[in-house]
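Welcome, and thanks for taking a look at this one. Please open the sequence and the model side by side before reading on.

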Amino acid sequence: MDIVIDVLKVVIGFALLLKGADFFVDGAAAMALKLGIPQIVIGLTIVAFGTSAPEAAVSISAGLKENNGISIGNVVGSNIMNVLIILGVTALITTLSVKKSTVWVDMPFMIGGTILLLLWGVLGKELTRLTGIVLLALLVAYLVYLFIYARRHQDEEEGDIKNVKAWLIPIFILGGMAAIIFGSNIAVDGASAIASRMGVSDRIIGLTIVALGTSLPELMTSVTAARKGNADIAIGNIVGSNIFNIFFILGITSTIINLPFISDTVNFTIDAIIALVAAVLLWLFTFNIKELRRWNGIIFLIVYIGYFIYLVAA
C-alpha cells in the first residue's frame with residue numbers, strides 16, 4: 001500500500017507540474033506582450049526566479065539547519081541537470097533559437113558565475129559572507145542590465161503568445177508557480193521514498209533524485225515553452241535559472257552561514273567543473289548558429305550519462 005501511495009505522489013506531482021508550467025508560461029509570455037518587454041527578459045527574470053524557488057527553499061533551509069553540503073550540492077547539481085538533462089531533452093523535441101544578447105551577455109555571465117564559484121571554492125575552501133555579498137552585488141548589476149535591455153528593445157517581435165486577460169495574468173503566474181512548487185515537492189517525496197524502498201543509497205538519492213526534483217519546474221516550463229513555440233523562454237528560463245541559482249541562492253545562503261566547498265566530508269570540485277563544462281558547451285553550440293539543435297541535445301545527454309557513471313562509481 002505504501003508503494004502505491006508513493007507512486008501516486010509522483011503521478012500527481014507530475015500532473016501539477018505540467019499544468020502549472022502551462023499556466024505559468026502563458027502568464028509570463030502574456031505579461032511580456034502587454035508590458036512591451038522581450039520574452040527573453042521575462043524568461044531570465046520572472047520565469048527563472050519562479051522555477052528556481054525549489055532550489056532556493058532547499059538551499060536556504062539547509063543553510064539555516066547547517067546542512068551545508070546540501071546548499072552547494074543542490075545548486076551545482078541543479079545547474080548541471082538544467083543544461084545537460086533539461087536542454088538536452090528539450091532540444092530533442094524541437095530546435096531552440098537563441099537571441100544574440102543571450103549568447104553574448106547572459107551565457108557568458110552564467111559561465112563567469114560558475115568560474116567564480118569554482119575558483120572561490122577551490123582557493124578559499126568555503127563560501128563566506130563576503131562571497132555572498134559579491135554574488136548578490138553582481139546579480140543586482142545583471143538585473144540593471146536586463147532592465148536597460150528591455151527598455152531599448154521594446155519593439156522586438158514576439159512569438160506565438162496566448163491572449164490572456166490582464167486581470168488573469170497574476171492568477172496564471174502565481175497559480176502556476178504554486179502548482180509547480182507544490183507538484184515538485186510531492187514528486188520528490190514520492191520518488192525519494194520509492195528509491196529508498198529499492199535500496200538506493202542516500203548519497204545517490206541526494207545527487208540525482210533531489211537535484212532532478214528541484215529542477216523539475218525548469219524541465220516542465222522549458223518543454224512547455226518549446227511546445228508552444230516560445231523558444232526564447234525555453235532557453236532564457238534555463239540560463240536565467242542557473243544565474244539565479246549561483247548569484248541569488250548561494251549569495252543569500254552564504255551570507256547566512258559559511259558553506260564548505262572542500263572539507264573532510266565534501267568536495268564539489270569535480271561537480272563544479274562539470275557545471276562549467278556544461279555551460280561552456282551550451283555557449284559554444286549556440287555561438288555561431290544561434291540555435292540549439294537535436295544533435296546538441298544528444299551530446300548533452302551523453303555527457304550527463306558519463307557524469308552519472310562517475311557519481312555511481314565514486
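Predicted model: local features only at pLDDT ≥ 70, side-chain atom pairs only at ≥ 80, totals over all residues.

Two helix pairs, H1 with H7 and H10 with H11, are roughly antiparallel.

- Leu292 is in contact with both Leu282 and Phe300, once neighbours within four places in sequence are left aside.
- As general background, nonpolar side chains tend to be buried together in soluble globular proteins.

**Helices H1 and H7**

- Helix H1 (residues 2-35) packs with helix H7 (residues 169-197) at an angle of about 155°, and their axes are 6 Å apart.
- Because angles over 145 degrees count as roughly antiparallel, H1 is roughly antiparallel to H7.
- The crossing of H1 past H7 is left-handed.
- Sorted by class, the residues of this H1 and H7 contact are 23 nonpolar, seven polar and six charged.

**Helices H10 and H11**

- Helix H10 (residues 269-287) and helix H11 (residues 294-313) have axes that come within 11 Å and cross at roughly 175°.
- H10 and H11 are therefore roughly antiparallel to each other.
- On the H10 side, the residues that meet H11 are Ile270, Asp271, Ile274, Ala278, Leu281, Leu282 and Phe285.
- On the H11 side, their partners are Trp295, Asn296, Ile299, Phe300, Val303, Tyr307, Tyr310 and Leu311.
- This contact of H10 with H11 divides into 13 nonpolar residues, one polar and one charged.

**Individual residues in helices**

- Ser78 lies in helix H4 and is buried, with a relative accessible area of 0%.
- Beyond residues up to four places away in sequence, Ser78 touches Glu55, Ala211, Thr214, Ser215 and Asn245.
- Asn242 sits in helix H9 (residues 231-256) and is buried, at a relative accessible area of 3%.
- Leaving aside neighbours within four places in sequence, Asn242 is in contact with Asn79, Asn82, Val83 and Met110.
- Ile60 and Ile252 are 192 residues apart along the chain, yet their C-alpha atoms are separated by 7.4 Å.
- Not counting residues up to four places away, Ile60 touches Ile252, Thr253 and Ile256.

**Positive phi angles**

- Lys125 is not a glycine, although its phi is positive at about 70°.
- Lys125 is found in the loop between helix H5 (100-124) and strand E2 (126-127), and counts as partly exposed at 43% relative accessibility.
- Lys290, also not a glycine, has a positive phi of about 55°.
- Lys290 lies in the loop between H10 and strand E4 (291-292), and is buried, with a relative accessible area of 18%.

Definitions and conventions:
Residues numbered from 1 in each chain as written. Heavy atoms only, no water. Contact = heavy atoms within 4.5 Å. Helix = DSSP H or I, 4+ residues; strand = E, 2+ residues; numbered from the N terminus. Buried < 20%, exposed > 50% of the residue type's maximum accessible area, 1.4 Å probe, protein only. Axes fitted to C-alpha atoms, helices over the stretch in contact; angles between N-to-C directions. Parallel < 35°, antiparallel > 145°, perpendicular 65-115°, else oblique. Left-handed = near helix turned anticlockwise from the far one by under 90°. Nonpolar A, V, L, I, M, F, W, Y, C, P; charged D, E, K, R; others polar.
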